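Open your viewer and get ready to click along. This tour tells you what to select at each stop and what you will find there.

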Amino acid sequence: MASSGTAAKIYEKLENIRDCCSVIPLSPLEEDRLLRELINVDRRLRTRDYTIHSHNTGTFNLVERNRDFFTELQFHSSMGRTWEKVLDGVQLSSHRAILDLCPGYFPKIELALLYKNYRGEVRAINKDGEALEQMNQFLKMFNAPFTFSYTVSDLLDASDKFEPASLLLGNHIIDDIYIDFFGRELGFSSTELYSDQDLLERFWRCILKESTLRRGAVVSYLVEALGALTAERAEVVLVQYPSYIERQLGIQEVSDLHLRTLREIEIALVQDGFVSKTSALESRLDNPAMRFNAEHCLHVVRHKR
Ligand SMILES: C[S@@+](CC[C@H](N)C(=O)[O-])C[C@H]1O[C@@H](n2cnc3c(N)ncnc32)[C@H](O)[C@@H]1O
């Protein structure tokens with residue numbers, strides 16, 4: 001409950017908005033933006049999102065801007081530290097090159113490789129070249145001890161563009177593939193889905209309705225891609241934790257679907273000649289400082305091709 005002083009100010013602002021809407025002739029674009037903003041405010045209130053982000057876009061609000069920036073950086077760093085623990089179970093020096101799958105805009109896995117002083121080659125694959133270039137720029141700021149290169153390509157269609165690698169790493173990629181794969185089917189781009197929370201919620205509800213069928217398709221595509229991209233004795237580590245966005249959506253079944261998909265990928269890879277090492281992660285990640293634990297991970301080693 002807001003304090004009485006704040007509540008009075010909030011009601012005054014809401015009255016102002018209502019008065020403006022009844023006298024100012026709004027264009028469809030203005031209406032759409034205003035409505036979306038108000039929907040977001042309503043959602044943030046309900047999900048307690050303001051305890052984490054200010055959502056304050058005011059240029060002069062240096063305190064909030066820096067607080068938001070620091071919160072983001074701290075989150076990415078703790079994610080890197082948790083991945084560092086995961087990678088304690090991999091002999092990195094025996095891997096000349098590592099393939100990072102669909103890394104997005106921020107180098108979480110690369111941060112872990114930087115903490116571990118990895119000195120080989122890191123190659124990233126993503127359909128979004130802008131995200132990859134931003135990662136590249138970020139790594140340059142920190143003089144990463146490894147070389148970084150990237151290929152703008154579709155992971156589900158990448159086998160002919162890459163030599164099989166000996167270590168494949170993927171942070172939170174199962175949702176990316178669901179969104180990409182079924183977004184295409186339903187006619188939405190990931191940019192559209194991530195910029196409209198209501199649309200994203202409707203999208204996931206639609207996927208969940210037919211989750212068995214959906215899961216089967218995603219498992220087959222990923223298993224095929226992982227198989228094509230791995231050399232003999234190669235290792236694959238995938239991590240899929242309940243994300244902040246998933247928690248904000250408030251649909252627990254979405255995170256459950258991803259976790260079930262992760263386990264099904266592991267079973268399919270084991271049937272294909274991989275050996276599971278996931279249980280070895282349990283003790284290393286059993287610590288409240290870790291962002292995820294062993295149940296959110298998959299670690300397999302390829303024994304035969
Ligand atoms: C929301 S970002 C998340 C990135 C990252 N997995 C993470 O957890 O931080 C999703 C990224 O996956 C990429 N992506 C989605 N489907 C892909 C595909 N089939 N092939 C390559 N990249 C893909 C998108 O381009 C986007 O940059």
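Before the first stop, two notes on the model. Numbering starts from 1 along each chain, as its sequence is written. The model is predicted, so to speak of local features requires pLDDT of at least 70, side-chain atom pairs count only at pLDDT 80 or more, and totals for chains, interfaces and linings use all residues.

**Stop 1: helix H9**

Select residues 211-229, which form H9. Helices here are DSSP runs of H or I with at least four residues, strands are runs of E with at least two, and both are numbered from the N terminus. The 19 residues of H9 reach 27 Å from first C-alpha to last, close to the 27 Å expected at 1.5 Å a residue; the expected span is 1.5 Å times one less than the number of residues.

Now colour Val 218, Val 219, Leu 222, Ala 225, Leu 226 and Leu 229, which are buried. They cover an arc of only 140 degrees around the axis, which puts them on the same side of H9. That arc is taken from the directions from the helix axis to the C-beta atoms. A residue is buried with 20 or more other C-beta atoms within 10 Å of its own, exposed with 12 or fewer and partly exposed in between, C-beta atoms being placed from the backbone.

What covers the buried residues of H9? Show S1 (97-101), S4 (165-171), H6 (174-186), S5 (230-239) and H11 (252-271), which are among the covering elements. Contact here means C-beta atoms, placed from the backbone, within 7 Å.

**Stop 2: the strands**

Pick S4, where six of the seven residues are buried. S1 and S4 run parallel and are joined by four bridges; look for Ile 98 and its bridge partner in S4, Leu 167. S4 also runs parallel to S5, with six bridges between them, and Ala 165 stands opposite Thr 230 in S5. Strands pair if DSSP finds at least two bridges between them.

**Stop 3: helix H6**

Next, select H6, whose buried residues are Ile 174, Asp 175, Ile 177, Tyr 178 and Asp 180. Their cover includes H7 (190-195), H8 (197-209), H9 and H11. Just after H6, Gly 187 takes a positive phi of about 85 degrees.

**Stop 4: the ligand**

Which residues come nearest to the ligand? Of the 18 around it, these are Gly 104, Asp 128, Leu 155, His 172 and Asp 180; a residue is near if its C-beta atom, placed from the backbone, lies within 6 Å. H6 gives the largest share of this shell, three residues. The shell divides into seven nonpolar, five polar and six charged residues.

**Stop 5: two positive phi angles**

Most residues other than glycine have a negative phi. Find Arg 48 in the loop between H2 (28-46) and H3: it has a positive phi of about 60 degrees although it is not a glycine. Then go to Cys 102, in the loop between S1 and H4 (108-115), where phi is near 45 degrees. Is each one buried or exposed? Arg 48 is exposed, with 9 other C-beta atoms within 10 Å, whereas Cys 102 counts as buried, with 21.

Note on methods:
Contact = placed C-beta atoms within 7 Å. Nonpolar A, V, L, I, M, F, W, Y, C, P; charged D, E, K, R; others polar.
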